[in-house]
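This report covers a ligand site, a pocket and a set of charged pairs. The sequence and structure are shown first.

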Amino acid sequence: MAILTILVVSVLAGLSMFAVRGAGNNQLEVYSWWTGPGEEDGLAAMAKTFEAANPGVRFVNAAVSGGAGSNAKAILASRLLANDPPDSYQRHAGLELLDDVRSGKVQDLTELYHEQGWTKVFPKGLVDNLTIDGRIYAVPVNIHRANLMWYSLKTLKDLGLPGPPKTWAEFLQQAEAIKAKGRTPLAVGPEWSQKHLLETVLLGELGADKYERLFNGGLSWLSPDVTAALGTFAKVLAASDVKSSAGDWQPQLDKVLSGSAVYAVMGDWSSSYLEQSKKLRWKTDYDVAASPGTDGVYDFLSDSFTLPTGARRPDLARKWLVECGSTAGQNLFNPLKGSIPARTDADAGLYKGYLGWALQQWRDPNTRIVGSLTHGVVANNAYNAEIDSALGLFVQHGDQGKFARTVEQQFRETQ
Ligand code: GAL
């Protein structure tokens, strides 16, 4: 029966894809994983603007659900392999782009950058993350922050907690008191969210310098510092609901909203979910702090769009990329998406509440910026996939030594 259902669904999906692709050529197909609450609003607004500016052109939103691209990336990989790319697809700035560039799947956008003056309006560090072998391959639409801990002010008050923990040691102390009151200290979601948690624990425990060295090969996963940080991660996980984890990041946050769990570590796409979908207000209903031990550090990622080789409508794709990189596009998209603009000249006044704070932190010259592991900045896809498998086993069986040895060895094998 299950096989039959899968077959029928695949055939229907195939037919609908055929209908989309066969529906005439006057359309732009944009591929992302922005569906569902808190994800789709910014994209929908951009799509509407695109269609208004290009009368007669249909914007085909080919989004595949699943936080952090957990499903979308796999489906995209098979489409790229079959030389059936959309007209533009989402990638993160950073090493996530490397495979596409090396295998010739994306076109060089350096000329478009010069034409649009983008090298002057995007931060240099960001452009560096979009540059491979001297050429630029994607257009960033935003900046997100990964190292954040979300909580409900009411729950903290009810439990008599003084505030969010400033270190993971303090979190573990609070966790005892929280458990004694019958609540879950930390809500987690699917595997990618557990890696997201690992990344923030490593950052908090090691500090920015060592975190960076860990991912550029300058610090061993077997070193005493990392061993201690992984030990902390294991304890943090034990204080979470990992055995009954949520299916995605929105239900993960729902546990915090209902008060069954006290904290959740998640990126600031959460702010859009809380503000737009749940109609909650920063500092009234919910609050957020840098994840323990990372105050003053911005663990960044950036959603960017590409021009695939073999795109059916490269002319429309270029127009889409111009919208993504424009001041108007970024001002429209980001307040809805719960991110801040990649452009340095975008209007700060549009960013209220949490986003105002995020923008101020991002632009503060004293803020230390590092790149996200889970969201494509500091590790290539092969290494990230190896970390995923090893982490899955670590979470299941708790063998920390094996995890560290595997990841250490895989770093060398995947460079
Ligand atoms: C990230 C992406 C964000 C957001 C998040 C949750 O990888 O960069 O824009 O979509 O996943 O799905």
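## The largest pocket

The model is predicted.

Four helices each supply at least two residues of the lining: α3 (72-81), α4 (98-102), α10 (191-206) and α18 (381-397). Of the lining residues, α3 gives the largest share, with five.

## The ligand and its surroundings

The ligand is surrounded by 13 residues, and the closest of them are E39, H92, D303, K337 and H375. By class, this shell holds six nonpolar, four polar and three charged residues.

For K337, a polar side-chain atom is 2.8 Å from a ligand oxygen. H375 likewise places a polar side-chain atom 2.8 Å from an oxygen atom of the ligand. In the case of W34, an N or O atom of the side chain is 3.0 Å from a ligand oxygen. On its own the ligand has 310 Å² of accessible area, and the protein covers 100% of that area.

## Salt bridges

Side chains with opposite charges can pair when their charged atoms come close to each other. Across the whole structure, 23 salt bridges are found.

One of the salt bridges joins D158 to K154, with 2.8 Å between the closest N and O atoms. Which helix holds D158 and K154, and how many residues apart are they? Both belong to helix α8 (residues 153-159), where they are four residues apart and therefore separated by about one helical turn.

Definitions and conventions
Residues numbered from 1 in each chain as written. Predicted model: local features only at pLDDT ≥ 70, side-chain atom pairs only at ≥ 80, totals over all residues. Heavy atoms only, no water. Near = heavy atom within 4 Å. Polar contact = N/O pair within 3.5 Å; in protein donor to acceptor, adjacent residues only side chain to side chain. Areas by Shrake-Rupley, 256 points an atom, 1.4 Å probe, with all protein chains shown as cover. Nonpolar A, V, L, I, M, F, W, Y, C, P; charged D, E, K, R; others polar. Salt bridge = Lys/Arg side-chain N within 4 Å of Asp/Glu carboxyl O.
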